[in-house]
Amino acid sequence: MAETEMRQKVASGLFWKILENGGAQGVQFVITILLARLLTPAEYGVVGIIMIFIVIANVFVQSGFSTALIQKRQAEAVDFSSVCYFELAAAVGVYGLLYLAAPAIAGFYALPVLEPIVRVLGIVLFPGAVISVQTAYVSRNIEFRGLFFSTLAASVISGAASIGMALAGAGVWAMVGQQISYYFSLMGVLFLTVSWKPGRQFSLGRIREMFSFGWKLLCASLLDTVFNNLYGLLIGKIYNEEMLGSYTRGEQFPKLIATNLGAAIQAVLLPVFSASQEDKHAVRDMVRRAIRLSSFAVLPMLLGLFAVADNLVLALLGEQWMVCVPFLRIMCISYCFWPIHITNLQAINAVGRSDIFLKLEIVKKGLSLLALVIGIQFSVFTMVCIKAFQDFLCTFVNAAPNKKLLDYSILHQWMDVAPAAGISAVMCASVMALGAWLPVDSVWARLGLQIAAGGAVYVALAALFRLESYRFLKDMAAGALGRSVRK
C-alpha cells in the first residue's frame, strides 16, 4: 500500500475510531449517571466484584488470539474462523468453572446474591469470544466505521434496558441486564456492519501457529488483569461492597478517558506498526507519533477531570458519591502514564516479541505485589496512592526494551510527552484556581465554567506553542471530514 494511501486510511480510521469511542462512551456516560442516581454505591460494589471475575475469565477465553490475528503477517479467513470457534469452545469450559465456583465466591464475600449473579452474568463470555474476533478483523483492516455504528447501537440498547430495569426496582440486576444486553446486541449489530463472518473452516494447525505467539500474551494478560483487579478484590473483602463501589466509581471516569480516547489512537496504529515491523526506523517514528498523540488527547482530559472532580461528582452523582472524589483524583494521576505504557507494549507486540512482553509483565507484577504488600498496611487511600506511584515506576520497565529494539529510550519518550504534560498542568492549575474563586452558588454553573475555561486554555496554549500533535489532529479531522462530505 502506497504511503499516501496508508496515511489516508489511518486518518479515516482514527476519525471513525475516535467517533466510536466518543459517541458510544458518551451514551454510556449518560446511562452511568442515571444509574448512579437510581442505585447505591453498595449495589455498584456487588456488580464490581463479579465483573472482576468475568474480566479474568475473558482472558482465558481470548487467550491472546486477538493480538495474534492483528500481528500476523498474512491472516486469512480460515485464521479468523478457527480462532472464533476455538474461543467459543474455551468459553464453554470457562463458564462451567465459573458456574461451579459461584457458591464459593458468594461465601468468600458473605453475599449470597453473588451466586446467581455470577451464573447469569457469566454468559457474556460467549458473545465476548465472537466480539474479540470481530474487533480484531476491524483493527487489522481499519474498518472502524462499522464498529462506530455497532458500538453506538449496543450502548443505546443496553442503556435503555438497564434504565428500564432500574426504574422497575430491579436494583443490582439492572446493571447485570446492562452488561448482558450490551454484549449480545454488539455482537449482533457487528454481524450486520462488519464484512467478516465465520465460515465453515477450522484449522488446528493455524491455532497452534498463533498460540505459539499468543500464549505469552495470555500469561502476560492474565498477570496484568489479576493484579489490576486485585485492589478491587481486596477492598471488597477487607472493607465492604460500599467502599468497593466508591473505588470502582472513582476509577471509572479516568479509566474511561484513558482507555477509550487513547485506545482510539492505539487501535488504529497497532496494525500499521505490524505492517511495518521489518523497518524498525519506521516503527520508531510511528511509536513516537502514537505517544505524542495519546498524551495530547489523554493528559488534558485527565488533569482537567482532576481539577473539577468535586464539582463533577456533586453535580452528576449527588452527595452520596462524594466519598469517591479522592479515588477519582488519585486514579487520574495513575492513568496519566497510560500512553507510555500501552504504546511501548504494542510496539513490542508489533515486532513479534511477545516473549519480552511476558517478561515485562512478570517484572511489573513483582513491583505491584510489593506495592500492595506495603499499601495494605495503611488506609485504602494510601494504598491507592502507592499504586499510582508504582504505575509511574512501570513506565521505565515498559520502555526499557525499546531503547534496544527501536533506539527510543524512556528519556526521549518523556521529552515527547513533556509539551502536552506541561500545558495540561497549567490548564489544571488554572481550572482549580477558577473553581476556588468563582462566586457562584450553582454547582452546575461552576462546573460548566470550569470545563469551558479549561478547554479554552488548553487549545490556546497548544496553538500558541504550535504543538505538532495539535496541528496533526487538526489537519486529520479536516481531511477526514472533507472526504466524508465528498462521499
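The axes are lines fitted to C-alpha atoms, for helices over the stretch in contact, and the angles run from 0 to 180 degrees between N-to-C directions. The model is predicted, so that local features need pLDDT of at least 70 and side-chain atom pairs count only at pLDDT 80 or more, while totals for chains, interfaces and linings use all residues. Residues are numbered from 1 along each chain as its sequence is written, and side-chain values use heavy atoms, with hydrogens and water left out.

The protein chain has 18 helices and 0 strands. Helices (H or I, at least four residues) and strands (E, at least two) are DSSP runs, numbered from the N terminus. Of the 487 residues in the protein chain, 54% are buried; buried means under 20% relative accessible area, exposed over 50%, and partly exposed in between, with a 1.4 Å probe and protein chains only. The accessible surface of the protein chain is about 20,200 Å², and carbon and sulfur atoms account for 67% of that surface. Accessible areas come from the Shrake-Rupley method with a 1.4 Å probe, and for residues only the protein chains shown count as cover. Contact means heavy atoms within 4.5 Å. Among contacts in the protein chain between residues at least 6 apart in sequence, 83% join residues at least 24 apart.

Two packed helices are described by the angle between their axes and the distance between the axes. Helix 16 (410-437) and helix 17 (443-464) pack with their axes 9 Å apart, at an angle of about 150 degrees. Helix 16 and helix 17 are therefore roughly antiparallel to each other. The crossing of helix 16 over helix 17 is right-handed; a crossing is left-handed if the near helix is turned anticlockwise from the far one by less than a right angle, and right-handed if clockwise. On the helix 16 side the contact includes Ala420, Ile423, Met427 and Leu434, and these residues and others meet a set in helix 17 that includes Leu449, Ala453, Val457 and Leu461. By class, this contact of helix 16 with helix 17 has 12 nonpolar, 4 polar and no charged residues. Ala, Val, Leu, Ile, Met, Phe, Trp, Tyr, Cys and Pro count as nonpolar, Asp, Glu, Lys and Arg as charged, and the others, Gly among them, as polar.

Helix 16 also holds proline 419, which is partly exposed at 34% relative accessibility.

Helix 6 passes helix 8 in a left-handed crossing. Pro127, Gly128, Val130, Ile131 and Gln134 of helix 6 make the contact with Tyr183, Phe184, Leu186, Met187, Leu190 and Phe191 of helix 8. The residues in the contact of helix 6 with helix 8 are 9 nonpolar and 2 polar, with no charged residues.

Proline 326 of helix 12 is partly exposed, at 34% relative accessibility. Proline 326 lies 10.0 Å from glutamate 251, C-alpha to C-alpha, and the two are 75 residues apart in sequence.

Most residues other than glycine have a negative phi. Aspartate 407, in the loop between helix 15 and helix 16, is not a glycine but has a positive phi of about 55 degrees. Aspartate 407 is exposed, with a relative accessible area of 55%. Arginine 466, in the loop between helix 17 and helix 18 (468-486), also has a positive phi, of about 50 degrees, and counts as exposed at 58% relative accessibility.

Methods:
Angles under 35 degrees count as roughly parallel, over 145 as roughly antiparallel, 65 to 115 as roughly perpendicular and the rest as oblique.
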